[in-house]
Amino acid sequence: MKKYGLSAQEKIKSRKEFETIYQLGKTIHSSNNTIKANYIVDIEEQYPGVEIAVAVSRKSGNAVWRNKLKRLLRESYRINKTDLLNLCSVNNKKVRVVFSTGTFNQREYKKLKLNDVLPGVIEIIEMIKGSI
RNA sequence: AGAUCAGUCCGGGCAAUUGCUCCUCUAAAAAAAUUGGAGGGGAGGAAAGUCCGAACUUCAUAGAACAGGGUGCCGGGUAACCCCCGGGAAAUAUAAGAGUAAUCUUAUGUUUACUGCUAGUGCCACAGAAAAUAUACUUCCCCGGUUUUUUUAAGACCGGGGUAAAGGUGAAAAGGCGGGGUAAAAGCCCACCGCUCUAAUGGUAACAUUGGAGGCAAGGUAAACCACACCUGAAGCAAGGUCAAAUAGAGAGGCUGCUUCCCGGCUUGUUUGGGAAUUAGAGUUGUUCGCUCGAUAGUCUCCGGGUAGACCGCUAGAUCCUGAUGGUAACAUCCGGACAAGAUAAAUAAUUGCCAUCCCGAUUUUUUUUGGGAUACAGAAUUCGGCUUAUAAGACUGAGCUAUUU
RNA sequence: GCGGGUGUAACUCAGUUGGUAGAGUAUCAGCUUCCCAAGUUGAAUGUCGCAGGUUCGAGCCCUGUCACCCGCU
C-alpha cells in the first residue's frame, strides 16, 4: 500500500455502512465549525485500518465548487493519514469516518485553497486519535 | 485613433513532486482477484437549463376514425424538428429627400406565434346619446302652433320631421381628405388615397404590377372558444437484458423421529422417570416384525423467485479533420486521413516554480528593472441534431458616430 | 440522470368568461376594564418571484428565466 495513496479499498461505498455510521457513530466539529465528521470505532482482529468517505451538501455550492471541496478534503486526509493508520494497526481497531461540511459554503469561500481546508481536517484527525 | 452596436473565433502554456481512474503488455506455477513494473488515454463551448426533435429499448397495437396534444406567409435543407438557409409581406429605428403640416419616398439595420373574426359563438369595464341588428344628448336645418317686441321679421316655448357635418366620452364612434351639392346634410356626385371583388402579366410559390367593376356593405379581439390544413401510440438507460449471495417459501425429493391416558419430579417445558390401556393414523397380513401411503417435526438437496451485488447496454458514430466539386446559402457528394473520457457515495486533481496576457504602484527621458494583484462561466453520467441562458481577458469582420492629420 | 409541481400582505391561503387584489392570524390605535386577557370598532401593510410579448387593459393568456419542493435506485 502506498504511503500517501488513497485507493478504492479505503473508501466507504455501500449504503448500509453510511446508515450505521450516521445512526450509531459520533459527531464532532472543527473549532471554527467549518468541517464536520461522523465516525465509528470497531474492534477488528484480521483487517485493522481506516475507511473514509467525503460528503458535501447540495445546498452549499454548485457542482464545480462541491467537487473541488471533496478533492481538497481527500487530499488533506491523504497527506496526514499515516499516524492514524499506525495507531489502528497497533490497537486492532477499525475506524470509519465520513467528512462533511458544517457552515462551509460557496459565498464565503469562492476561491478554494488547500490551506482553507487543511487545519480543520488535521484537528479532526487528532480528535479521533485521542478517542482510540 | 477612440468609444458604441451587431456577428464570428478563442477559452492560457511548460516542468517537478505526490495522487485518482480506464485500457494494453508483463512478473508473482495456471485461472480469477490483488500487488509490482512499463506504455498509452482522461471534461465543455456551453458538459448547464431539460425547452424541442431523433436514434435505441420495453410495453401496447388488424385497420380506420374520433378525442387529446402540437405546428401555422412561401420555397428549400435535414434522419427529424417549435431548428437552419433563401425569398415575400408587415411593423419599427436611424439618416437623407419631398411637403406648411399630417405624412410619403429612398437607403441601411432590427423584429415578427405572419392561416381565418366575408363559418358560427363569446367578450369590449369605467366614461359616453350610442360599443355593433346603430342610436339621437347638446348643436344644425325645415314645417306647424302659442307668445313677446312698433311691422316685415326675429327671439322664446311646444309638437312633427330631416341629418350624422360639429361638440363632448373613450383604447376604439361605422372609410379619409378636398371640391361640388343642399334648407341643413349625407359616396348623394366627382378627383386622389384606402377597402372589397375581378381580369391580365411576371414569379415554382408567398406575392408584386397594371387594368376594370363595386359604391362603403366589412370596428377590435383567435398568445377567446372555435374552424381549416398538416403532424402525432405510451414510457424512458433508474429503459431493458444476463448472472445471482442472504432471507422468506407457496413447490419437489432424500434421511431421521413419531399412538393415547394417568401419576410424580422441577428447569413449568409437549422435558424426563414410572405405570396403565392394546380399539393404538390408514393399508398389506392369520399375528408380529417389516414395507408402503399419509400427517407432523428436524435436517440436507433441488426448484422457482429475483433483493444486495456483479456484468452487458457503454461508447466507431446521422463521428471528427483536410481538400475538391455542386449550390446564392443552409447543405449534399466524393478522395484522403484519424480513433478521440467512460466513472458509478461517482476519476480527470493538489502543491511549488518559470513563462504568457491584463491591471495598479515605484524607478527611468524612453527602453528596461522591480513589487503586488487578476485570469471568467462552469464539471461528462445512453448517444446525437438544435434552441435558450451564463461567460474574464483577448483576436477578427462589418456599420454608422466622434476627434486629429493630409 | 429522468419525471412532476409551487411562487399573491410579516405568516397560512382564496382569487375563471382578462376590467380599480381579498380572508384568517399577527401588528398598531380607539372602546370596554381598577389593570390584564377575551370581546368589539377601525387602520396600515402588496413591483402578484423576475424579464419580455399579445391586448385599449394581464395576478389571470403566451414565451423565456430564477428560486424552492416532491417522486423514481
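Two strands pair if DSSP finds at least two bridges between them; helices (H or I, at least four residues) and strands (E, at least two) are DSSP runs, numbered from the N terminus. This is a predicted model, in which local features need pLDDT of at least 70 and side-chain atom pairs count only at pLDDT 80 or more, while totals for chains, interfaces and linings use all residues. Residues are numbered from 1 along each chain as its sequence is written, chains are lettered from A and ligands numbered from 1 in the order in which they are written, and side-chain values use heavy atoms, with hydrogens and water left out.

I begin with the strands. Antiparallel pairing over 4 bridges links β1 (residues 26-29) to β2 (residues 35-43). The hairpin has 5 residues between these strands, and N33 takes a positive phi near 70° there. K26 has Y39 of β2 as its bridge partner, and Y39 also stands opposite V97 in β4. β2 and β4 (residues 93-101) run antiparallel, joined by 9 bridges.

I turn to the helices. α2 (residues 63-79) packs on α4 (residues 114-131) at about 50°, with the axes 9 Å apart; axes are lines fitted to C-alpha atoms, for helices over the stretch in contact, and angles run from 0 to 180 degrees between N-to-C directions. α2 is therefore oblique to α4, the class left when angles under 35 degrees count as roughly parallel, over 145 as roughly antiparallel and 65 to 115 as roughly perpendicular. The contact (heavy atoms within 4.5 Å) includes L69 and Y77 of α2 and V117 and I125 of α4.
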